[in-house]
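These entries record what I looked up, beginning with the aromatic rings and passing on to charges over rings and to the backbone.

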Amino acid sequence: MNQIDNIMKKLTLEEKVSLCSGIGLWQTKDIEDKRIPAIWMADGSNGIRIMKPVHNQRKQDTSEFLQVTDLTQNSPTITKQYEAVCYPSGAALASTWNMELIESMGAMLGDECNFRKVNILLAPGINIKRSPLGGRGYEYYSEDPYLTGKTAEAFIKGVQSQGVGTSIKHFAANNAETLRINMSSDVDERALREIYLAPFELAIKNAKPWTVMSSYNKVNGVQMAENRRLLTDILRDEWNFDGVVVSDWGGIKDRVQALKAGNDLDMPENRRNNKSIQEAVENGTLDESVLDVSVRRILEMIFKAKAQERFKDSIDWESHREIAKKVAEDSIILLKNENNLLPITKEKYKKVAVIGAFATEPRYQGGGCTLVNPTRISNPYDEICRLAGNDIKITYAKGYEINNRINDQLLTEAVEKAGEADAAVIFAGLWVAYDREGFDRKTLDIDSSHIRLIQEICKIQKRVIVVLNNGDAVTMDPWINGAGAVVEQFLVGETVGEAVADILFGIVNPSGKLPVSFPKRLEDTSAYPLFPGECNHHIYGESIFVGYRYYEKKKIDTLFPFGFGLSYTEFAYSNLKLDKTVMNGIQKLTVQVTVANTGSCKGKEVVQLYVSDKESRLLRPIKELKKFEKIELEQGESKTVTFELSYRDFAYYDPEAEDWVVEDGIFDIHIGKSCEDIVLTASVEMKDAKKKFRYLYLDSQHARVFENTVSKKMYLDFLVEKGVLTKDNVDAMVPLLKGNYMGIYNVITSLLGGDITKEEMQEKLDEINQVCTAKSKAESCF
Ligand code: BGC
């Protein structure tokens with residue numbers, strides 16, 4: 001008998017119940033005389049958020065949880081939190097497309113958890129960016145499920161390599177902040193599987209997070225904490241997740257239903273909810289064995305955390321900051337660079353005007369539960385001055401108030417300064433009020449005072465470089481034509497100053513790529529006008545056509561496409577080769593492509609592979625990202641990149657077959673610099689992809705029965721046995737039945753006069769469904 005069996009045997013009902021919720025805000029329940037210790041949890045996605053005082057205290061002051069972000073400053077003094085490195089936001093992280101780097105950042109976070117004596121980091125937040133209006137866009141990764149899933153996988157592996165657990169969140173379809181506690185995300189099954197669950201599935205299967213956090217919202221009318229289908233049938237039975245499901249903070253409405261659905265832990269402490277579990281066991285409405293399953297999982301998590309604990313008493317913040325800086329530099333995206341306005345060099349410019357309050361008071365993180373009390377924030381203005389040295393004169397004007405209030409005097413001064421210089425670098429974007437948990441944006445414009453500033457400066461200055469400071473996509477219509485260069489920094493954390501300045505001066509060659517599309521107008525976005533929803537329903541009417549999948553299908557031009565980002569060097573692609581192989585009995589397609597750095601400096605490129613299904617029974621996107629790799633090349637160097645594609649990379653989710661389906665036919669393999677800039681394409685033919693059986697119902701048409709040879713035979717034998725058809729006429733009847741539009745039961749009873757009861761027919765269909773589903777499980781490929 002192991003340690004947990006032993007403890008389980010000795011626990012009273014009350015003790016078991018008490019383990020199902022925490023103590024205070026961040027701690028699990030300990031039971032001293034049963035030798036059950038407590039473990040600690042802390043946010044967050046881009047740095048550790050721990051409120052003081054936390055340790056050696058059984059209970060925290062809960063008002064700390066309710067602290068409000070000070071919206072008058074970009075760098076609020078977060079005195080109630082311990083300091084921690086503020087790493088790049090999720091949006092920036094995903095812009096790196098650099099999985100190795102993300103894993104090292106995860107390891108740094110894990111190490112900080114050990115220093116702060118935290119066992120589980122409540123991250124990563126990975127919900128799909130259904131609309132750029134979503135208030136937590138700065139925290140989440142991408143509009144694409146594959147990029148999101150891979151980024152989460154790397155993050156989790158990094159953190160957990162330090163003996164610290166993670167909590168992948170928010171499961172599932174929590175893609176808006178508006179009414180997040182009450183609203184139902186009404187999503188069709190294909191979109192749910194292919195877009196919203198897919199990144200969770202990938203990261204959970206590949207990186208095995210210790211916990212999954214259920215989200216606040218409902219999915220198709222069922223509260224997520226009570227959603228047995230998602231928390232148990234899919235998460236555990238299909239994906240083999242064996243950790244703990246923890247509620248989002250205060251997210252459980254019916255504790256007993258939540259426990260039955262598979263939501264093990266209720267956070268934070270909620271004694272009333274515990275009491276309802278106890279009452280339900282006592283009055284027989286909850287089987288104690290259900291409670292036992294969750295208690296066992298919670299104990300396994302606690303003892304695993306304790307066994308792996310590597311708590312430490314000192315930390316080298318600077319080495320952590322160094323990784324934060326590397327990630328920041330890899331994430332910054334060069335969106336436009338006409339006439340090589342960038343990088344800034346002394347050969348090009350003698351005098352540069354730095355304009356905008358964000359240059360001295362930088363935007364570097366979003367608000368909400370990701371808020372970090374940084375160790376040392378750098379600001380772009382100081383770093384620009386440092387790199388300019390004595391060679392380039394730098395001037396500065398504030399340009400606008402941080403809170404977007406119009407100030408004509410600041411505007412006039414800025415225009416004057418910009419006019420006197422050889423070039424103007426304008427820091428613009430969104431003030432902190434717009435990148436916040438609990439709120440969605442209403443517009444995609446940047447702050448109005450910034451738009452006016454850029455427009456006025458563009459009238460008198462030909463060389464305008466705009467540095468954008470915001471957490472998710474913005475529109476640029478009113479000013480983009482006047483700006484020669486645009487750099488996007490998606491809230492890159494506390495090293496913002498060094499990272500932005502290094503990119504502007506070419507110390508670092510930009511290599512970030514957009515993890516989302518930048519639309520021309522809000523009206524062009526896929527969730528418009530349904531986002532965020534009304535009457536407690538968020539209707540996902542665009543289905544699987546999210547982000548670039550939508551723009552491509554609808555032939556809508558974007559401002560900047562998904563996957564896009566410029567470099568100070570050039571890359572050339574050649575030699576695309578496809579090769580079908582069998583590895584360990586599984587068929588794979590190996591894809592190779594050679595990339596050369598043909599420009600004038602060292603640089604990094606993200607090689608992107610997209611797959612297109614040329615023809616399909618169900619609707620499919622024009623193409624979908626299936627692989628990518630970031631490589632670094634010296635000037636003149638070339639490298640061959642190899643990808644391996646397997647069954648799932650070609651499949652769609654067929655809700656009728658309740659499975660992933662690959663159809664026979666031609667698939668295009670595209671290699672691109674972005675989803676729009678495809679440089680090489682080759683085709684592969686899929687043969688003998690086993691047809692997934694589609695369930696038969698009383699009102700299915702006969703064509704469906706005859707799709708499968710086994711169901712056809714079983715069904716016709718039954719009709720002959722029942723005397724509806726005879727051995728002699730059965731073959732001749734098949735084409736007639738196949739062409740009829742009515743449901744099978746009605747055809748048999750009315751047109752053919754068969755005397756079969758509904759129950760008999762249903763029984764037969766159940767048998768056929770069972771036999772044929774079992775037979776169609778095997779996967780084949782090329
Ligand atoms: C957020 C979670 C967070 C939790 C604890 C909730 O409001 O949605 O992401 O982990 O609070 O701070």
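**Entry 1: aromatic pairs.** I counted rings of Phe, Tyr and Trp (its six-membered ring) as a pair if their centres lie within 6.5 Å. The model I worked on is predicted. I found that the structure holds 21 aromatic pairs.

I looked up W97 and F562, whose rings form a tilted pair, with 5.5 Å centre to centre and 50 degrees between the planes. I then placed both residues: W97 is in the loop between α3 (90-96) and α4 (99-116), while F562 is in the loop between β19 (558-560) and β20 (571-583), so this pair ties together parts that are 465 residues apart in sequence. Buried or exposed, I asked of W97 and F562? Both are buried.

F518 belongs to strand β17 (residues 518-519) and F560 to strand β19, so the parts tied together here are 42 residues apart in sequence. I noted F518 as buried, because its relative accessible area of 0% is under the 20% limit. F560 is buried as well, with a relative accessible area of 8%.

**Entry 2: a cluster.** Which residues form one aromatic cluster with W97 and F562? I listed Y146, Y548, Y610 and F628 beside them.

**Entry 3: charges over rings.** I found the charged end of R436 over the ring of F439, 4.0 Å from the ring centre. I also recorded R648 over the face of W660, at 3.4 Å from the ring centre.

**Entry 4: cis peptide bonds.** I kept in mind that most peptide bonds are trans and that most residues other than glycine have a negative phi. The bond from D43 to G44 is cis, with omega near 25 degrees. I located G44 in the loop between β3 (41-42) and α3. M267 and P268 are likewise joined by a cis peptide bond, with omega about -10 degrees. P268 has its place in the loop between α8 (255-261) and α9 (271-282).

**Entry 5: positive phi.** I noted K117, which is not a glycine, with a positive phi near 60 degrees. K117 is in the loop between α4 and β4 (120-121). I placed N340 in the loop between β11 (333-337) and β12 (351-355).

Methods:
Residues numbered from 1 in each chain as written. Predicted model: local features only at pLDDT ≥ 70, side-chain atom pairs only at ≥ 80, totals over all residues. Heavy atoms only, no water. Phe/Tyr/Trp six-rings, centres within 6.5 Å; stacked < 30°, edge-to-face > 60°. Helix = DSSP H or I, 4+ residues; strand = E, 2+ residues; numbered from the N terminus. Buried < 20%, exposed > 50% of the residue type's maximum accessible area, 1.4 Å probe, protein only. Lys NZ or Arg CZ within 6 Å of the ring centre and 35° of its normal.
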